Amino acid sequence: MAGLRLEGLSTALLRDIHLTLAAGERLFLSGASGSGKSLLLRAIADLDPHHGEVWLDDIPRSRLPPPEWRRRVGLLPSESHWWAKTVGEHWPASTTHLKLERLLSMLGFDTGVRDWPITRLSTGERQRLALARLLLNQPQALLLDEATAHLDPVNRSRVETVLEDYGNAYSAALLWVSHDPEQRARLGGRRLVIRKSRLEPET
Amino acid sequence: MSLIYLSAWDLALASGLVLLLAALSWRLHLGVERQVLIAALRSTVQLMLIGLVLKQLFAQTHLTLIGLMVLIMLSVASWEVRNRQKRRYTGMWGYGIGALSLFVSSFSVTLLALMIIIRVNPWYQPQYLIPLLGMMLGNTMSGVAIALDHLTRQAWEARGCIEARLLLGATWEEAITGIRRDALRSGLIPIVNAMAAAGLVSLPGMMTGQILAGSPPLEAAKYQLLIMFLISAGTGLGTVAAVWIGSRRLFDERQRLRLDRLV
């Protein structure tokens, strides 16, 4: 079965999580801060030691080298980090111009952003460019940790449109941590909440 | 030229200068007189003891005794490397990375020097082995300690960037490569600077000692050069080994950054 499947995943805060997302499905995850949402995403991307197995399109994670796995399940952390001087140095080498231009314009940039120094970027610009950087890898699942937390309404709806389009175009499963009830209602999809270390349907 | 022997009285005169320094510190309320006196006393006891030990050791080329001495030197140097880390590795690794890289570098270079360059027979003749190894360990220890400290500190500070690169599909080596290079450089810079400045600012300690002990200056300079080349090679080798093992240890088999392996 295509999509993302967690089998008996345990992190420092959550025990024995079983969860299935079909290809192209959108799932919103909420819960109090410190309830383990980010740790769950990090475990799926195999960034922290944990127990359990994750499958993507019927391939178990343990069968793939970690860099390959992380390219396929793209995790967008709530805070973006940049290590080189300009924006373009953070793009994958294989990036094709056409795709890049379209993606950037949907996020409100032109291709000149390639030469912008990182120090000049605002928090919101960093967040949008971190998303662009991630999508250029063409992940088959997306793990979003408060992808729109630092954005104004215009840019928030830009990001939402990009993510909806991407999910549809690539049949990518979206696991989206969001604190914004309006966003969850607006975009639609399955909704779960973490309560007492368990995943429950949001009511 | 011959060696002028120092009597106890000569040393007592010199130590009077240290007493004067302590008195000065007391008079000016610098508050370091206690440390000065204790340090002077420690160096007296330690150097006299090591002089006695070496005298015994040199008298008999006894392999077990030499081995024991070498082992003690290595463990003290490794301990020193461990103690100079702000964020050291947990468990045996805190000690082991330093010990292993010191062992690999200092021992191989010293052995090379004794067997091929100086051609001492037998190679373990303590009069050559112990001072040479001591100088190698002392310098390599500094390089290794600086490089490891740089590596772990930088990895801690840049953990967000390292993980961001991992998340975009970088291998652990790609994610740490810049930090690794900086760590290597910081470990090597002191010895490179020392080589570049040798003889211009001050005469290196060993050369000074040899000249005072009666060697012709040109012979002393040649020995000093040999030692400097050996130290550079040893420091380079040791630093590369330590940074390689240390950076590998920061990641696990699934290429996750494991800062929980640091104290």
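## Close-up views of a two-chain predicted model

**Figure 1. Chain A as a whole.** A compact globule of 203 residues would have a radius of gyration near 17 Å, and chain A agrees, with 17 Å (taken over C-alpha atoms; the globule rule is 2.2 Å times the number of residues to the power 0.38). This is a predicted model, so local features need pLDDT of at least 70 and side-chain atom pairs count only at pLDDT 80 or more, while totals for chains, interfaces and linings use all residues. Residues are numbered from 1 along each chain as its sequence is written, with chains lettered from A and ligands numbered from 1 in the order in which they are written. Along its principal axes, the C-alpha trace of chain A spans about 45 × 40 × 30 Å. Its secondary structure comes to 6 helices and 10 strands (DSSP runs numbered from the N terminus: H or I of at least four residues for helices, E of at least two for strands). Of the 203 residues in chain A, 36% are buried, meaning that 20 or more other C-beta atoms lie within 10 Å of a residue's own; 12 or fewer makes it exposed, anything in between partly exposed, and C-beta atoms are placed from the backbone. Take the contacts in chain A with a separation of 6 or more: 73% of them link residues 24 or more positions apart (a contact puts two C-beta atoms, placed from the backbone, within 7 Å).

**Figure 2. The six-stranded sheet of chain A.** Here is an open sheet of 6 strands in the order β6-β7-β8-β3-β9-β10, with mixed pairing (strands pair if DSSP finds at least two bridges between them). Strands β6 and β10 (198-201) sit at the edges with a single partner strand each, so one side of each has no neighbour in the sheet. From one strand to the next, the twist averages 20 degrees (axes are lines fitted to C-alpha atoms, for helices over the stretch in contact, and angles run from 0 to 180 degrees between N-to-C directions).

**Figure 3. Zooming in on strand β6 of chain A.** Strand β6 (residues 73-76) runs parallel to β7 (residues 141-145), joined by 4 bridges. Look across and you'll find A:Gly74 opposite A:Leu142, and A:Leu75 opposite A:Leu143. A:Val73 and A:Leu75 point one way from the strand, A:Gly74 and A:Leu76 the other way, and all are buried.

**Figure 4. The four-stranded sheet of chain A.** This open sheet has 4 strands in the order β2-β1-β4-β5, with antiparallel pairing. The edges belong to β2 (17-22) and β5 (59-60), each with a single partner strand, so one side of each is left without a neighbour in the sheet. Strand β4 (residues 51-56) pairs with β5 over 2 bridges, in the antiparallel sense, and A:Leu56 stands opposite A:Ile59.

**Figure 5. Where chain A meets chain B.** Chain A puts 15 residues into the contact and chain B 14 residues. On chain A's side, the largest share, 4 residues, comes from helix α2 (residues 66-72). By class, that side has 7 nonpolar, 2 polar and 6 charged residues (nonpolar: Ala, Val, Leu, Ile, Met, Phe, Trp, Tyr, Cys and Pro; charged: Asp, Glu, Lys and Arg; polar: the others, Gly among them). The predictor gives the complex an ipTM of 0.95 and a pTM of 0.88.

**Figure 6. B:Ile227 and its surroundings.** B:Ile227 lies in helix α9 (residues 217-249) of chain B. With 19 other C-beta atoms within 10 Å, B:Ile227 is partly exposed. Neighbours within four places in sequence aside, B:Ile227 is in contact with B:Met135 and B:Met206. B:Met135 is 92 residues away along the chain, yet the two C-alpha atoms are separated by 8.2 Å. Chain B averages a pLDDT of 92 (the predictor's confidence in each residue, from 0 to 100).
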